[in-house]
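Try each one yourself before you read its solution.

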Amino acid sequence: MKSPDPDAIKWGDWQRLTPFEQLMVDDAAGLNSFAVSALFFFHGDSPVTLEWARTQFAPRLLAHPRFRARLQVERSGRASFVALPTPLDLTDLVVEEQPQAMLPSVEGPSRAAVCASDLAARDEAFYKRIDTLVTAPLPRDRPLWVMHLLPGYVPDAPGHQGTALLLRVHHVI
């Protein structure tokens, strides 16, 4: 059987990276330096749930084959995407951050009753948590993306419930 052309871009059980994509993987700083992050805020009376993120949002990403594959680097340094079995386990890909670990508690019946310095401290703690999540390396043993749900936080909306959603995707996807 003839081996596949290493420069051909094909999809089946595997897909080789283009030379440009290979440069992103070869980066000495690691995979994290090419991760793109997007932060979404959902406002309203019905907070976004982990179940919603896994059943409604994530499947839209999974429509693209590279969101259902992991990166495999050969001894030669060439990298390919390898398809993972479906259905894909989203446990480690769509995760919910615990509000207690993310933000200091704010006393009072609503955020509207909290003084401005408490809100500023809460915002600072939130963005420090985002910075920690954004700079964490993307694991190579699963697809190169992760979605973090951060419940109970909505900036500039005192007294309202909401959820922040951080989506990190490696640029090679």
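Before we start, one term: a polar contact is a pair of N or O atoms within 3.5 Å, and within protein one atom must be able to donate a hydrogen and the other to accept it. Keep in mind, too, that you're looking at a predicted model.

**Exercise 1. Find out where Glu21 sits and which polar contacts its side chain makes.**

Step 1: Locate the residue. Glu21 belongs to helix 1, which covers residues 19-25.

Step 2: Glu21 has a relative accessibility of 14%. The cut-off for buried is under 20%, so Glu21 counts as buried.

Step 3: Look for polar partners. The side chains of Glu21 and Arg66 are joined by a polar contact of 2.7 Å. The Glu21 side chain also reaches the backbone nitrogen of Thr18, at 2.8 Å.

Step 4: List the other neighbours. If you skip residues up to four places away in sequence, Glu21 touches Arg66 and Val172.

**Exercise 2. Is Asp89 buried or exposed, and what does its side chain contact?**

Step 1: Asp89 lies in the loop between strand 4 and strand 5.

Step 2: Read its accessibility. The relative accessible area of Asp89 is 55%. Exposed means over 50%, so Asp89 is exposed.

Step 3: Look at the side chain. It makes a polar contact of 2.6 Å with the side chain of Thr91.

Step 4: Asp89 and Arg68 are 21 residues apart along the chain, and their C-alpha atoms are separated by 9.8 Å.

**Exercise 3. Work out the strand order of the open sheet of 4 strands, and say what packs on it.**

Step 1: Trace the order. It runs 2-7-6-5, and the pairing is mixed.

Step 2: Spot the edges. These are strand 2 (35-43) and strand 5 (94-96), each pairing on one side only.

Step 3: Zoom in on one pair. Strand 2 and strand 7 run antiparallel and share 9 bridges. For example, Val36 has Val169 in strand 7 as its bridge partner.

Step 4: Find the helix. Helix 2 packs on the sheet and touches strand 2, strand 5, strand 6 and strand 7. Its direction makes about 150° with that of strand 6.

**Exercise 4. Which residues have the most contacts inside the largest nonpolar core, and which element gives the most to that core?**

Step 1: Pick out the residues. This core has 29 residues, and those with the most contacts inside it are Leu90, Val94, Trp145, Met147 and Leu167.

Step 2: Name the suppliers. Among the elements that each supply at least two residues are helix 2 (50-62), strand 6 (145-151) and strand 7 (162-170). Helix 2 gives the most, with 6 residues.

Step 3: Follow one residue. Leaving aside neighbours within four places in sequence, Met147 contacts several residues, including Ala53, Phe57, Val94 and Leu167.

Step 4: Check for another core. There is a second, separate one of 7 residues, which includes Phe126, Leu133, Tyr153 and Ala164.

Methods
Residues are numbered from 1 along each chain as its sequence is written. This is a predicted model: local features need pLDDT of at least 70, side-chain atom pairs count only at pLDDT 80 or more; totals for chains, interfaces and linings use all residues. Side-chain values use heavy atoms; hydrogens and water are left out. Buried means under 20% relative accessible area, exposed over 50%, partly exposed in between (1.4 Å probe, protein chains only). Contact means heavy atoms within 4.5 Å. A nonpolar core is a set of buried Ala, Val, Leu, Ile, Met, Phe, Trp, Tyr and Cys residues joined through side-chain atoms within 4.5 Å. Two strands pair if DSSP finds at least two bridges between them. Axes are lines fitted to C-alpha atoms, for helices over the stretch in contact, and angles run from 0 to 180 degrees between N-to-C directions.
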